[in-house]
Amino acid sequence: MTNKSPMRSCDDIDEQALSYAEIKALCAGDPRIREKMDLDVQVAKLKVLRGDFQNQKYRLEDKLLKTFPEEIQKQKNRIAALQQDSQIAAAHPQDKENFCGMTIKGMVYDDKKAAGERLLLARQEMPNADMMLLGTYRGFELNIRFDSFKNEHQAVLRAELSYPVSLGDDARGNITRLDNAIDNFADRIADAENALQNLEQQKQAAEVEVAKPFAQEEELAEKSARLAELNALLNIDRDRSSSQDAPEETEETETPATRPSVLAALGEKTNQPEPVKPFRSYYDKDGDAR
């Protein structure tokens with residue numbers, strides 16, 4: 001169902017069906033029969049291993065052609081976007097003692113508590129669960145939305161990327177959460193660079209694996225050739241045994257029995273005169289001729 005070849009196998013002895021000639025040779029102590037049966041099992045297992053190896057190779061080739069380039073480029077774009085957002089956050093620092101201000105629906109709030117209370121009020125005024133633009137904060141767009149999956153309201157800061165923040169009931173605590181989401185760009189960039197490095201390492205490892213040949217290819221070729229040779233020899237022996245067991249044809253052939261001619265019989269019948277039937281009267285009740 002998964003379109004994959006599992007590395008599990010078992011031997012089915014019922015599949016080893018022998019012909020009459022092979023049984024005859026086996027009873028006679030022919031070691032080629034035993035060798036042939038062993039080679040049948042070994043070659044079948046090697047073919048399964050080679051098929052699984054080729055499937056894995058094809059999957060790695062697909063990743064090298066499509067998956068890895070897309071993921072690496074996506075990660076590079078993410079790193080570039082994080083670096084730009086980091087510059088925006090650095091250009092709008094937040095002092096612990098002085099609040100830099102927040103704009104909500106055209107109104108500028110210089111007090112941290114007042115901005116937090118207005119954010120809570122905006123949460124209650126949401127007409128629906130869709131994202132709604134409120135204003136700006138520290139150079140980022142300030143949006144609000146309701147996440148139905150987490151069942152919570154979120155403030156979303158947006159620039160090159162989006163940074164959702166869960167909203168609680170504490171006015172000052174929500175502002176602190178927004179600052180924490182903006183101030184940890186160094187960790188985000190480090191994680192993205194590590195992810196990019198891992199993708200490049202996986203790509204290099206895949207290139208090495210794709211270049212490798214099947215390790216048991218030579219063994220499979222040798223055993224397949226030997227198996228074909230044994231099959232040819234056993235077929236010769238089978239032909240010989242069948243020719244010896246066949247009954248000899250006798251030179252004398254029986255003459256086929258002559259069948260009477262239907263036309264001749266009909267001719268003889270027409271040459272004979274037909275007997276004259278006696279005339280019977282309608283009034284003759286006894287059926288005697290008059």
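Mentor: We will go from the overall layout to single residues.

Mentor: Keep in mind that this is a predicted model.

Trainee: Let me begin with the layout. How many helices and strands does the protein chain have?

Mentor: Count the elements, then read their order. The protein chain has seven helices and six strands. Starting at the N terminus, the order is α-α-β-β-α-β-β-β-β-α-α-α-α.

Trainee: What share of the residues in the protein chain is buried?

Mentor: Buried residues account for 26% of the 290 residues.

Trainee: Now helix 2. How far apart are its end C-alpha atoms?

Mentor: Helix 2 covers residues 31-91, which is 61 residues. At 1.5 Å a residue it should span 90 Å, and its end C-alpha atoms are 86 Å apart, so the two agree. Look along the helix too. At Lys-63, helix 2 bends by about 50 degrees.

Trainee: And helix 4, what span should I expect there?

Mentor: Helix 4 has 13 residues, 171-183, and should span 18 Å. Its end C-alpha atoms are 19 Å apart, which agrees.

Trainee: Which residues of helix 4 are buried?

Mentor: Begin with the general idea. An α-helix has 3.6 residues a turn, so residues three or four places apart point the same way. Now the case here. Ala-171, Asn-174, Ile-175, Leu-178, Asp-179, Ala-181 and Ile-182 are buried in helix 4. Viewed down the helix axis, these buried residues fall within an arc of 160 degrees, so they line one face of helix 4.

Trainee: Is Thr-176 buried, partly exposed or exposed?

Mentor: Thr-176 belongs to helix 4. Its relative accessible area is 35%, so Thr-176 is partly exposed. Thr-176 and Lys-112 are 64 residues apart along the chain, yet their C-alpha atoms are separated by 9.5 Å.

Trainee: What caps the N-terminal end of helix 4?

Mentor: Look for a side chain that reaches a backbone nitrogen at the helix end. Asp-170 is the cap. One of its side-chain oxygens lies 3.4 Å from the backbone nitrogen of Arg-172.

Trainee: Next, rings. How many aromatic pairs does the structure hold?

Mentor: The structure holds five aromatic pairs. One of them is Phe-99 with Tyr-137, a stacked pair at 6.1 Å centre to centre, with 25 degrees between the planes. Phe-99 lies in the loop between helix 2 and strand 1, and Tyr-137 in strand 3, so the pair ties together parts that are 38 residues apart in sequence. Phe-99 and Tyr-137 are both buried.

Mentor: Phe-140 and Phe-185 form a stacked pair as well, 6.3 Å centre to centre, with 10 degrees between the planes. This pair links distant parts of the chain: Phe-140 is in strand 4 and Phe-185 in helix 5, 45 residues apart. Phe-140 and Phe-185 are buried.

Trainee: Which residues form one aromatic cluster?

Mentor: Phe-140, Tyr-163 and Phe-185 do. Tyr-163 sits in strand 6. Its relative accessible area is 6%, so Tyr-163 is buried.

Trainee: What sits over the ring of Phe-185?

Mentor: A charge can sit over a ring. Here the charged end of Arg-188 is placed over the ring of Phe-185, 5.4 Å from its centre.

Trainee: Is Arg-138 buried or exposed?

Mentor: Start with its place, then check its contacts. Arg-138 is in the loop between strand 3 and strand 4. At a relative accessible area of 5%, Arg-138 is buried. Its side chain reaches the backbone oxygen of His-92 at 2.8 Å. The Arg-138 side chain also makes a polar contact with the side chain of Asp-183, at 3.3 Å.

Trainee: What is phi of Arg-138?

Mentor: It is near 55 degrees, a positive value in a residue other than glycine. Asn-151 is not a glycine either, and has a positive phi of about 55 degrees. Asn-151 lies in the loop between strand 4 and strand 5. With 60% relative accessibility, Asn-151 counts as exposed.

Technical notes:
Residues are numbered from 1 along each chain as its sequence is written. This is a predicted model: local features need pLDDT of at least 70, side-chain atom pairs count only at pLDDT 80 or more; totals for chains, interfaces and linings use all residues. Side-chain values use heavy atoms; hydrogens and water are left out. Helices (H or I, at least four residues) and strands (E, at least two) are DSSP runs, numbered from the N terminus. The expected span of a helix is 1.5 Å times one less than its number of residues. The bend at a residue is the angle between axes fitted to the seven residues ending there and the seven starting there. Rings of Phe, Tyr and Trp (its six-membered ring) pair if their centres lie within 6.5 Å; planes under 30 degrees apart count as stacked, over 60 as edge-to-face and the rest as tilted. Buried means under 20% relative accessible area, exposed over 50%, partly exposed in between (1.4 Å probe, protein chains only). A charge sits over a ring if NZ of Lys or CZ of Arg is within 6 Å of the ring centre and within 35 degrees of the ring normal. The arc is that of the directions from the helix axis to the C-beta atoms. A polar contact is a pair of N or O atoms within 3.5 Å; within protein, one must be able to donate a hydrogen and the other to accept it, and residues adjacent in sequence count only if both atoms are side-chain atoms.
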